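Hello,

Here is the structure I promised to pass on. My notes on it follow.

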Amino acid sequence: MDTDSTALAENEPNAAAQPVHNDDEKSGVIIETRNLSKIYRDFWGRKKVNALKSLDIEVRQGEIFGLLGPNGSGKSTTIKLILGLLFPSSGRVLVFDKDASETSKNERIGYLPEESYLYKFLTAEETLDFYGRLFDMSGADRKKRVAELIQLVGLAGAKHRQLKEYSKGMTRRVGLAQALINDPDLILLDEPTTGLDPIGTREMKDLILALKERGKTILLCSHQLADVQDVCDRVAILHQGELKELGRVSDLLKVQDVTEVHAEGLSEDAKSEIAEVIKRHGGTLKSIDNPTATMEDLFLNIVRESEARPGARRVSAAETQDASDSGQQEEAGQ
Ligand SMILES: Nc1ncnc2c1ncn2[C@@H]1O[C@H](COP(=O)(O)OP(=O)(O)OP(=O)(O)O)[C@@H](O)[C@H]1O
Ligand SMILES: [Mg+2]
């Protein structure tokens, strides 16, 4: 995916990374749920599942808000209520200060569903052109926008292939491009990284951040904790339809009363001295060790190296050490 957001910028010459402000959003609140509840009922109106219980959240202009929770906790239900695809059993949802049931608001919303229902026999280009028509875009506008979006989601090489030939990750990218066709102010993403490999996931996250830079408001739901941590400003954690936690990611994850120091090139003596200083000041040294990178960093580095030097196999330092240790043991045993 080309995540440098050029395609977005070209389509909004006057936006220049400024958030979109309308008179009806003076409060800066884009989505507001009030005591929102959803009970799914069966054919005879009997209660089947209490999917959402009295949810009160606000999503503010320009932020990336994450809805987090295990399977079946009510994330997709919340998104569908915001879109007006479902009606609340009680409570309300306001989007752009309008009731969620008002369909006119949907012109300003982009939606990536949990599973995209796209026509398998259309190409990516035809698919996006089709959605452009639904928004009454002119032929010239559609052509320009479709080309920009295909570039943006990294499908330029496959744009003439039918979607039935696409991998899961490629289909997800078309789904995202479709969600952006109307250049929406509010983007709702239901599990945006599902089916993407680590590179696609990183690119999707960069793209989400690039959209935020353009002043878009994004609500995404996921159970991929690392993804949420990387991109969201605030999160709501749901469990069995109930809001369990709400706050800024940085505040929620801060471990109080622990100080982290990162240093390079310290000798063993210097480390002992630091341990002494901590002790002298009444603190407890928890660990003094080399930090570990994330699996994502490791994977992305390997892929980048492999692209730069095809054919070469990278062997980690620890592996080399293990190999030489076992070699020595074998020699000793001979
Ligand atoms: N159409 C439906 N009819 C009956 N029950 C439903 C319906 N849709 C969802 N549910 C139930 O509502 C609850 C919440 O479902 P929802 O799809 O909102 O969860 P989710 O958090 O999105 O889960 P996942 O992570 O698996 O996508 C679940 O118990 C689910 O079985
Ligand atoms: Mg879901």
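Helices (H or I, at least four residues) and strands (E, at least two) are DSSP runs, numbered from the N terminus. This is a predicted model: local features need pLDDT of at least 70, side-chain atom pairs count only at pLDDT 80 or more, and totals for chains, interfaces and linings use all residues. Residues are numbered from 1 along each chain as its sequence is written, with chains lettered from A and ligands numbered from 1 in the order written.

Ligand 1. Strand E2 (47-60) and helix H2 (75-83) each give at least two residues to its shell. The shell counts residues whose C-beta atom, placed from the backbone, lies within 6 Å of the molecule. It holds 14 residues, and the closest are Tyr40, Ala51, Asn71, Ser76 and Thr77.

Strand E7. Buried means 20 or more other C-beta atoms within 10 Å of a residue's own, with C-beta atoms placed from the backbone. Leu186, Leu188 and Asp190 point one way, Ile187 and Leu189 the other.

Neighbours of E7. Strands pair if DSSP finds at least two bridges between them. E6 (residues 109-112) pairs with E7 in the parallel sense over 4 bridges. E8 (residues 217-222) also runs parallel to E7, joined by 5 bridges. Isoleucine 187 faces glycine 110 and, in E8, isoleucine 218. From E7 the chain crosses through helix H6 (residues 198-213) to E8, a right-handed β-α-β crossover. Right-handed means that, with the strands pointing away from the viewer, the path from the first strand over the helix to the second runs clockwise.

Best wishes

Terms used: A residue is buried if 20 or more other C-beta atoms lie within 10 Å of its own, exposed if 12 or fewer, and partly exposed in between; C-beta atoms are placed from the backbone.
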